[in-house]
Amino acid sequence: MGVVIEIPSALKQYVNNQDEVEVKGGSVEEAFGALCSEYAELKSNLFDENGKIRSFINVYLNDDDIRYADGLKSEVQDGDSIQIVPSVAGGCKTEK
Amino acid sequence: MLPGVVGLIQATEVIKLILEGGVPLIGRLLLYDAMKMNFKEVRVRKDPECVLCGDNPSVTELIDYKAFCDVPLPGAELPEDIDEAAYGLSPQEFKDAMDQDPNAVLVDVRETFEWDICHIEGAQLLPLSSFDPVKSGLGPDDSIYLYCYKGKRGMLALKELKNAGFKNLKNLNGGIDLWAEEVDFDMPQY
Amino acid sequence: MSLNNEEINRYSRHLTLPEVGMAGQLELKEARVLMIGAGGLGSPLGMYLGAVGVGKIGLVDFDVVDHTNLHRQIAHTTSDEGRPKVESLRDTILAGNPNIEVVIHDTRLERENVLELFSHYDIIADGSDNFETRYLVNDAAYFSKKPLVSASIFRFQGQITIFSPETGGPCYRCLYSEPPPAALVPS
């Protein structure tokens with residue numbers, strides 16, 4: 001058993017349309033590292049060029065924002081759940 | 001149907017605020033997923049560093065929201081800027097040019113689900129989401145006619161092709177949507 | 001403020017609920033709610049707020065009803081195509097409950113008009129479809145000291161919360177400090 005990362009619909013296209021991906025890791029950073037090594041395209045959508053989580057994406061570890069824990073260094077254990085929640089403003093419009 | 005569920009939760013919270021009853025959805029973000037049919041709740045804290053409501057606010061009056069939201073994509077290599085007018089054709093011009101062009105290759109850069117709704121006969125599908133000029137199978141001598149839904153994605157693909165060295169490029173202004181209005185009256189609009 | 005006999009009869013199942021009762025029903029009648037957006041979220045929101053007897057509902061939207069709206073924006077019907085959404089939604093709400101007041105604002109929300117508009121209402125409900133409006137509404141609600149009931153959707157997922165900094169809660173900027181780059185926003 002590992003850590004389950006829940007993928008929002010806006011990012012599902014980068015992980016073969018899965019709702020969630022189970023990975024191994026001792027911290028949020030390691031879990032995301034494992035995720036992005038498997039799905040390389042996801043990386044630039046999650047992180048900015050300085051390796052920080054993009055400002056319009058929140059990451060919740062077991063329902064609390066990692067900003068108020070140790071950020072990416074927050075420890076995770078098997079069975080924990082990480083939720084990625086991007087800012088959305090819609091709307092059901094199609095792309096132009 | 002999604003907006004129905006979400007709008008009614010919003011209505012419920014408005015009513016609770018008016019009646020000052022129950023536990024309002026303050027400090028909690030409710031996430032609803034219709035496909036999984038589940039509700040999750042995450043905690044939302046007041047950020048002491050918030051530029052608006054934090055301890056040392058820098059936003060003390062309304063700002064220019066258009067500029068604020070016009071965030072460039074950091075780190076992304078933007079295709080070289082080109083004179084879009086020189087490459088865009090109206091639907092009728094697009095059709096006429098294509099009909100007279102023996103090397104014409106018609107490329108649809110929309111996504112598969114859009115192709116399934118409708119497409120122009122004779123086109124090949126190369127979705128912009130996975131568009132790669134090198135792997136596209138397009139040849140250097142091809143005369144490439146691009147179209148999308150409204151014209152924007154076609155122009156993005158055109159810039160990528162131009163940067164990759166392709167020369168004969170045209171884009172359908174207004175996309176298949178305008179094509180349906182001006183050229184093919186049997187084409188559905190979506 | 002009081003209820004007439006028709007209203008007492010109409011709201012009788014509310015009046016017998018201890019959580020609402022006559023006092024609650026009168027609070028609903030005195031309430032003034034401003035809705036941003038008269039589309040997918042605004043349709044059910046407006047129809048229910050009207051039906052339960054919210055006394056004054058303001059509608060802000062500058063869009064007109066399009067054929068492609070009809071499958072999800074259920075306040076608008078086929079015969080409403082081409083009409084301003086605020087007019088169509090107002091008519092639907094009033095058809096359900098003629099006792100209330102619906103004020104329409106067929107305009108784009110701007111920084112020049114937002115504070116004046118908000119001053120006539122107690123609660124703001126945001127169902128808009130773009131980030132510019134969401135940050136404008138958030139900041140204006142903060143400066144106006146009004147709670148903001150916020151809902152947004154993307155494909156098959158929805159997010160709902162209340163921003164209420166004046167009672168110690170967070171605001172939209174506490175949740176998302178910046179919007180996504182414009183290039184990543186499906187428009």
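Two strands are taken to pair if DSSP finds at least two bridges between them, and helices (H or I, at least four residues) and strands (E, at least two) are DSSP runs numbered from the N terminus. The model shown is predicted, so that local features need pLDDT of at least 70 and side-chain atom pairs count only at pLDDT 80 or more, while totals for chains, interfaces and linings use all residues. Residues are numbered from 1 along each chain as its sequence is written, and chains are lettered from A and ligands numbered from 1 in the order in which they are written.

**View 1. Strand β7 of chain B and its two parallel partners.** Strand β6 (143-147) and strand β7 (169-172) of chain B pair in the parallel sense over three bridges, and within this pairing B:L146 has B:N171 in β7(B) as its bridge partner. Strand β3 (residues 88-89) of chain B also runs parallel to β7(B), joined to it by two bridges, and here B:G88 has B:N171 as its bridge partner.

**View 2. Helix α7 of chain B and what covers it.** In helix α7 (residues 175-182) of chain B, the buried residues are B:G175, B:I176, B:D177 and B:W179. Their cover includes α4 (91-99), β6, α6 (152-163) and β7 of chain B, where contact requires that the C-beta atoms of two residues, placed from the backbone, lie within 7 Å. The domain assignment of chain B, which is automatic or from a database, gives domain 1 (1-48) and domain 2 (84-182), and the C-alpha centres of these two domains lie 43 Å apart.

**View 3. The open sheet of chain A.** Five strands of chain A form an open sheet with mixed pairing, in the order β2-β1-β5-β3-β4. Because β2 (20-23) and β4 (64-65) stand at the edges with a single partner strand each, one side of each is left without a neighbour in the sheet. Strand β1 (residues 3-6) and strand β5 (residues 81-86) of chain A pair in the parallel sense over three bridges, with A:E6 opposite A:Q83. Helix α1 (residues 28-38) of chain A lies across β1, β2, β3 (57-61) and β5, and runs at about 110° to β2(A); axes are lines fitted to C-alpha atoms, for helices over the stretch in contact, and angles run from 0 to 180 degrees between N-to-C directions.

**View 4. Strand β3 of chain A between its neighbours.** Four of the five residues of β3(A) are buried, so that the strand is mostly covered. With β5(A) it pairs in the antiparallel sense over five bridges, in which A:V59 has A:I84 as its bridge partner. Two bridges join β3(A) to β4(A), again running antiparallel, and A:L61 has A:D64 as its bridge partner there. The hairpin of these two strands has two residues between them, and in it A:N62 takes a positive phi near 45°.

**View 5. The contact between chains B and C.** The contact takes 49 residues from chain B and 56 residues from chain C. On the chain B side, α1, β1 (28-33) and α2 (65-69) each supply at least two residues, and α1(B) gives the largest share, 16 residues. By class, this side of chain B has 36 nonpolar, five polar and eight charged residues, where Ala, Val, Leu, Ile, Met, Phe, Trp, Tyr, Cys and Pro count as nonpolar, Asp, Glu, Lys and Arg as charged, and the others, Gly among them, as polar. Strand β1(B) and strand β6 (residues 157-163) of chain C pair in the antiparallel sense over four bridges, with B:L31 standing opposite C:Q159.

**View 6. The largest nonpolar core.** A nonpolar core is a set of buried Ala, Val, Leu, Ile, Met, Phe, Trp, Tyr and Cys residues joined through C-beta atoms within 7 Å. The largest one has 89 residues, of which B:V14, C:V33, C:M35, C:I57, C:I123, C:I124 and C:A125 touch the most other members. Its largest share, eight residues, comes from helix α1 (residues 2-19) of chain B. Apart from this core lies another, of 18 residues, among them B:V105, B:V109, B:L161 and B:L169.

Methods
Buried ≥ 20, exposed ≤ 12 C-beta atoms within 10 Å, placed from the backbone.
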